[in-house]
Amino acid sequence: MFEKFRTLLRCKRLSLHLAAAVLTIAAAGIVFAQVASAQNTYRITDGDQVLFHTTYATDPAAVLQEAGLHLGEDDTFTTETGNDVSEIRINRLQTVTVRYGDRTVDVTTYGATAGEILDQLDIALEEGRLETRQDLETATYDGMVIDLLCPSTELVEHTVFLPHQTFYTIDPSLSAGEERTVVPGSAGEIRYTTQIFYENGKEVDRVDLKKTVLKAPVHAIVAQGSDWHHSEETWSSPGPGTGDGSFSQDPVIADNTITTASGEVLTYKEKLTVEATAYSCEGYEGITATGTRARYGAIAVDPSVIPYGTEMYIVSNDGAYIYGYAVAEDCGGAINGNRIDLYFDRFDECWEFGRRDCTVYILD
């Protein structure tokens, strides 16, 4: 009876061991299935493009295909396994062209800098002999062009002829339709010294270093009868103070130059329209704000608009006054903004001038 009970107890224990073993195997199968079905995340770098792709695939080529990235025949990739994210870096073959004038050479690379490409070709840059505008630290890309430049300069002199103009005035002593040449005209000459800049033998820029007036143009003056009508040429009106029947030649202002009646050629860089008044120190010696003696040509300005020392040429917009050459040396309490005060030697000249709009030509 005791032996029968012990045998039965052994059978129950064996059944419990078998059940435990089955449970252990089943649990292991579940864990294996979970491991086998885990997804992987990949960080894919393709030049400037970076994307993340999560997949069950473990083959990098399959991962790239799933991500829609196609490799060329010569493209490669590298991989690096991480704890959470694995890296795939695509190396695409690039063709970089180095150009010198009409000659070119192609270099293939999987990524470099412009400077490294030139080093591969054993090209040494030297300022003034062989240069490039390309930043040498710039990363290469497919289709990149690196231009090599051979700079050079040349100094040349050339002469420009300035055509004269013809001015007309009325002479009451002449009959209608009759004319008389008072001053015959002649062309002027300016000699320029110019620096020309070349790159690979082609001109890219030029700068005038010096301008010498060899001969100022002499503008022709023709007197005509009072009934003469002329529509195409330039007419010259008499200047102030010519009540004796004589006339004065106006300045010729064109192409940033001013040719005075004496033939002097001035160049200007800017012009301003201003309101001008007049003042005088008749009877005593005045001193300007800059410490100079008040005199004709030393005018008052707003220094914030026209700085002290600025040289200029001034004419009234109505054509009645040619004030001429002037220098900004004085100021005044009412002279603000685009206003100037012109100095005259006598008070009666100031009254005669009054208040007028003028053009100020800022000289070079």
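T169 sits in strand β9, which covers residues 166-170. This is a predicted model, where local features need pLDDT of at least 70 and side-chain atom pairs count only at pLDDT 80 or more, while totals for chains, interfaces and linings use all residues. Residues are numbered from 1 along each chain as its sequence is written, and side-chain values use heavy atoms, with hydrogens and water left out. Helices (H or I, at least four residues) and strands (E, at least two) are DSSP runs, numbered from the N terminus.

Is T169 buried or exposed? T169 counts as buried because its relative accessible area is 8%; buried means under 20%, exposed over 50%, and partly exposed in between, with a 1.4 Å probe and protein chains only. T169 and E179 are 10 residues apart along the sequence, and their C-alpha atoms are 9.7 Å apart in space.

Next come the strands and their partners. Two strands pair if DSSP finds at least two bridges between them. Strand β11 (residues 188-199) is joined to β12 by 11 bridges, with the two running antiparallel. Within β12, K210 is the bridge partner of T193.

Strand β4 pairs with β1 in the parallel sense, over 6 bridges, and R89 in β4 stands opposite T45. Strand β3 (residues 76-80) runs antiparallel to β4, with 5 bridges between them. In that pairing, E80 stands opposite E87 of β4. Together, β3 and β4 make a hairpin, with 4 residues between them.

Now for the empty space. Rolling a probe the size of a water molecule over the atoms shows where such space is left. The search uses a 1 Å grid over the protein atoms alone: a cavity is a set of points where a 1.4 Å probe fits but cannot get out, whereas a pocket is an open set with protein on both sides within 12 Å along at least five of seven lines, and lining residues have an atom within 4 Å of a point. Grid points are joined across faces, edges and corners, and a volume is the space filled by probe spheres set on the points.

The largest pocket has a volume of about 330 Å³. It is lined by 15 residues, and G47, I90, Q94, Y110 and T140 are the closest to its centre. The elements giving two or more residues to this lining are β1 (40-46) and β4 (85-91), and β4 gives the most, with 3 residues.

The second largest pocket holds about 280 Å³ of space. Of its 14 lining residues, L162, P163, A254, D255 and T257 are the closest to the centre. At least two lining residues come from each of β8, β11, β15 (252-254) and β16 (257-259).

Most residues other than glycine have a negative phi. D122, however, has a positive phi, near 60°, and N200 has a positive one near 55°. D122 is in the loop between α3 (114-120) and β7 (145-148) and counts as exposed, at 70% relative accessibility. N200 lies in the loop between β11 and β12 and is partly exposed, with a relative accessible area of 30%.
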